Number of protein chains: 2
Amino acid sequence: MNIGIDMMGGDFAPLEAVKGIEQYFAESELPARLLLTGDQASIEELLVAHAIPRNHLEIIPTDQVIGMQEHPTRALKEKQNSSIAVGFQLLAGGKTDAFISAGNTGAMLVGALFSIKAIEGVLRPTISTLIPKENGQTGLLLDVGLNADCKPEQLNQFAIMGSVYAKHILGISQPRVGLINVGEEEGKGNILAQATYPLLKANTHIHFIGNIEGRDLLLDKADVMVCEGFTGNIILKMAESIYEITHQKEIHHEYFERFNFEHYGGTPVLGVSKPVIIGHGISGATAFKNMILLAEKMIEKDLMGKMRDELTRQ
Amino acid sequence: MNIGIDMMGGDFAPLEAVKGIEQYFAESELPARLLLTGDQASIEELLVAHAIPRNHLEIIPTDQVIGMQEHPTRALKEKQNSSIAVGFQLLAGGKTDAFISAGNTGAMLVGALFSIKAIEGVLRPTISTLIPKENGQTGLLLDVGLNADCKPEQLNQFAIMGSVYAKHILGISQPRVGLINVGEEEGKGNILAQATYPLLKANTHIHFIGNIEGRDLLLDKADVMVCEGFTGNIILKMAESIYEITHQKEIHHEYFERFNFEHYGGTPVLGVSKPVIIGHGISGATAFKNMILLAEKMIEKDLMGKMRDELTRQ
């Protein structure tokens, strides 16, 4: 198993990535082989400083970096020797089985959509986020911004991909799927939600429980919460701001601590043929370790193969 | 000035409405005349029990009640002598200048839309909510559910109506209008947001500051926050659930206390020719008092006239 890591992504690159790798090696009995893209000299120096054994890793030197504010498509095209572009070349060429970066989110999305193939039958890949439930459980919200406008068929696929993820990665045996809506009854909602409801109801690949409202998002009502990327993005960023506000106001409570999205490592792009995991710019060592562990789990479980099966099997 | 009040609406009817009236009379030097629709016997009894003077009020006896779960259109049609239906008859006939109820929200909306006229030029009326900002200020969010699907021109009108409300009712001299979106830059967003941005930018009746994201909703970035009713409803109900969760977990902080939407009294329907204020089902005495004060202020300021001026003047 080979996992690619962009060492130049994130606000604390490459230090926090190196520390994350250190944690990962310290905890894993049979670690994956890591292929690190980035500036060789600074990575080498940090690997020595942190006494990280070299037998499970390899540095692929790159001499360009895509900045956090750069235009994704343009940057990927113009900076072919950047740590992200090379990372995707390795993934597309089969040299790695997954790719992780805390760098430019847009460039990671563009790379995921255009460097590697979508899973057979997928209309549009999606990105999701974990939502902490008030009773200690964790739900999956998708889409959170990749698809601002959606068709009912896409939301139906998000429900399937989210369910596969919830089952095999979150360990929820029969994930309850809820359609985010403005009312509980069938027939409520905007045109999209009204048209999506019957598709979800008829979908035998998922366990659809009906509509869920804004008040249910933080309650343990559904495990997989489906909406288009406009609403999902607003929910995600509002939830993130709740953490920031409580943190700033020094309101300490374990519930709000769970809104610290750094804990979750990163967001996988779902619907593409290989694991691509996008971390927050502020990712620290633990976030990097968690992203490597997530990539490992996604590969081990053949998550993409399972998604393909569910999406194509009638 | 005559204000109609549905005495049978809400979970604690008619007691909390009577107590709210008691508070209102106790605080007002020149109170409005209140026309109360509902069951005469039980209202009379409570007025006597609370020693409320009768010189500023009148009971309009009704013998039907629209339940909280009834189908709005059907109930309004079939229960012509209900406290809500009669309340709207008084409003439409000019016997009252405003109407307040904490009863069936759907029936109140249907009544507002069909019993009285929309303001000249208004494409669709809207409902809004107040959002507590983390720095102590208060913002206005609209639409919060009346219009699940919107056209750009509607959002543009919501921005105007919200600005007039923020200026004259909330006392914000030059309300900053933000378009709720998934990114800051012009051009971001779904098709609706992309098409709305240039309308808001060109609108000389408002002070448009650009896009605001989910993370800005609880920060003091914009005073008037505009979106279609699907997203707005999710935001509103998620904000309400934050209060409920913190309350339940006994996380006490004055910031979260401000999320107790009961404090705000009620939601006015904006875009109709007379003030219609809809309270929460759980409205208590203070909520009723605040709704009466809000109706009084809306009438005094001729808010609907000011909205018409802004909407029709080029």
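Predicted model: local features only at pLDDT ≥ 70, side-chain atom pairs only at ≥ 80, totals over all residues.
A crossing of two helices is called right-handed if the near helix is turned clockwise from the far one by less than a right angle.

The model scores are ipTM 0.93 and pTM 0.94. For chain A, the mean pLDDT is 95, and 100% of its residues reach 70 or more.

I'll start with the contact of the two chains. Chain A puts 31 residues into it, and chain B puts in 30 residues. Which element of chain B gives the most to the side that touches chain A? That is helix 8, residues 229-248, with twelve residues. Sorted by class, this side of chain B holds 15 nonpolar, eight polar and seven charged residues.

Now to a pair of helices within chain B. Two packed helices are described by the angle between their axes and the distance between the axes. Helix 6 of chain B covers residues 152-168, and helix 7 of chain B covers residues 191-202. Their axes are 8 Å apart, and the packing angle is about 50°. As for handedness, their crossing is right-handed.

Which residues meet there? From helix 6 of chain B come B:Pro152, B:Glu153, B:Leu155, B:Asn156 and B:Ala159. On the side of helix 7 of chain B, the partners are B:Leu192, B:Ala195, B:Thr196, B:Leu199 and B:Leu200. By class, this helix contact has seven nonpolar residues, two polar and one charged.

Terms used
Residues numbered from 1 in each chain as written. Chains lettered and ligands numbered in written order. Contact = placed C-beta atoms within 7 Å. Helix = DSSP H or I, 4+ residues; strand = E, 2+ residues; numbered from the N terminus. Nonpolar A, V, L, I, M, F, W, Y, C, P; charged D, E, K, R; others polar. pLDDT = per-residue confidence, 0-100. Axes fitted to C-alpha atoms, helices over the stretch in contact; angles between N-to-C directions.
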